[in-house]
Amino acid sequence: MSEPHTYIGLPFMKMHGLGNDFVVMDARKREVTVTADLARALADRHRGVGFDQLALIQNDHEADLALTFYNADGSLSATCGNATRCIAAYEIAAHGLHQIRLRTERGILIAQDRGHGLTAVNMGPPLLEWQDIPLAAAMDTLHLPLDGDPVATGMGNPHCSFFVDDAEAVDLAARGPEVEHHPLFPARTNVQFASLIGPDHLRMRVWERGTGITLASGSSSCAVAVAAARRGLTGRAVKLTLDGGDIWIEWREDGVWMTGPTAHVFTAELTADFISCLQNP
């Protein structure tokens, strides 16, 4: 990892969208090198700060900013919808804007202030072909050859969505890691279990690859909404009730729009004590 002393005094923000929580670091004015060791240490909810994902903000020549995401296990994630919304909401408020452009591995995404404490982001078009998700071999992404007949969807990261009678009854702690590491998914996968609880209203629970059970997930919400529409269970505009609250997804011609609340919890900085523990776990 980079020199430990460079982290002392490093500022960060804690944010969350529906309880899907993040540490956010800004590298636009100060050099920040995020390593897997640092990410894992910060993700520790007892000895660090705790997060589902870490987001690093950087400058970009075309967009207003660029984002890189890390999972709690230190691995990289191509996208994180709720973190994108949280950072967009912060930047929009800080600069008095209505809309900003953010670059992720999915390309440049548009985020907008929708008023009433809600922020929307266009997560781009879903990836529906097996090689784009990716899967290990050619197959029908609408009906995967797994028990439970799930749907595969790519939102910049892979998703496997099961539609069940009662999402509450699923042993997510057991089923999540089992599906995440299935050989069908060469890059592992996020896992969702969803049940229809009303017209265009789904109850969803999430297992995120590299993190585990989370209260919410933006890209998972998009994937489940797309999968439900493809299966004919819902229309293309749905409400999803997650463990952390409600989010709204609309699959439009220009991409999958996600709208929901965000929160900036606090701003702080790393201390010498924390860095010392990082060096001597």
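Modeller: A salt bridge is a side-chain nitrogen of Lys or Arg within 4 Å of a carboxyl oxygen of Asp or Glu. This is a predicted model: local features need pLDDT of at least 70, side-chain atom pairs count only at pLDDT 80 or more, and totals for chains, interfaces and linings use all residues. Residues are numbered from 1 along each chain as its sequence is written, and side-chain values use heavy atoms, with hydrogens and water left out.

Biologist: What makes Arg-40 and Asp-37 a salt bridge?

Modeller: Their closest N and O atoms are 2.6 Å apart. The limit is 4 Å, so the pair counts.

Biologist: Why are Arg-40 and Asp-37 separated by about one helical turn?

Modeller: Because they are three residues apart in helix 1, residues 36-43. Helices (DSSP runs of H or I, at least four residues) and strands (runs of E, at least two) are numbered from the N terminus.

Biologist: Why is Arg-40 called partly exposed?

Modeller: Its relative accessible area is 40%. Buried means under 20%, exposed over 50%, and partly exposed in between, with a 1.4 Å probe and protein chains only. So Arg-40 is partly exposed, and so is Asp-37, at 39%.

Biologist: Where do Arg-175 and Glu-178 lie?

Modeller: Both are in helix 3 (residues 172-180), three residues apart, about one turn. Arg-175 is partly exposed at 23%, and Glu-178 is partly exposed at 49%. Elsewhere, salt bridges that share partners join Lys-14, Asp-21, Arg-45 and Asp-52 into one network.

Biologist: How do you know that Asp-21 and Lys-14 meet in a salt bridge?

Modeller: Their N to O distance is 3.3 Å. That is within the limit, so the pair qualifies. Asp-21 is buried, at 7% relative accessibility. Lys-14 is buried too, at 11%. The structure holds 17 salt bridges.

Biologist: Why is Glu-91 called buried?

Modeller: Because its relative accessible area is 6%. Glu-91 is found in helix 2.

Biologist: What joins the side chains of Glu-91 and Arg-28?

Modeller: A polar contact of 2.8 Å. The term means a pair of N or O atoms within 3.5 Å; within protein, one must be able to donate a hydrogen and the other to accept it, and residues adjacent in sequence count only if both atoms are side-chain atoms. So this pair passes on distance.

Biologist: What makes Leu-18 stand out in its phi?

Modeller: Phi is near 60°, a positive value in a residue other than glycine. Most residues other than glycine have a negative phi, and most peptide bonds are trans. Leu-18 sits in the loop between strand 1 and strand 2. Leu-18 counts as buried because its relative accessibility is 8%.

Biologist: Where is Asp-200?

Modeller: In the loop between strand 11 (190-198) and strand 12 (201-208). Asp-200 counts as partly exposed, at 33% relative accessibility.

Biologist: How do you know that the peptide bond from Ile-133 to Pro-134 is cis?

Modeller: By its omega, which is near -5°. Pro-134 is found in the loop between strand 8 and strand 9. Asp-132 lies in that loop as well, between strand 8 (118-122) and strand 9 (151-154).
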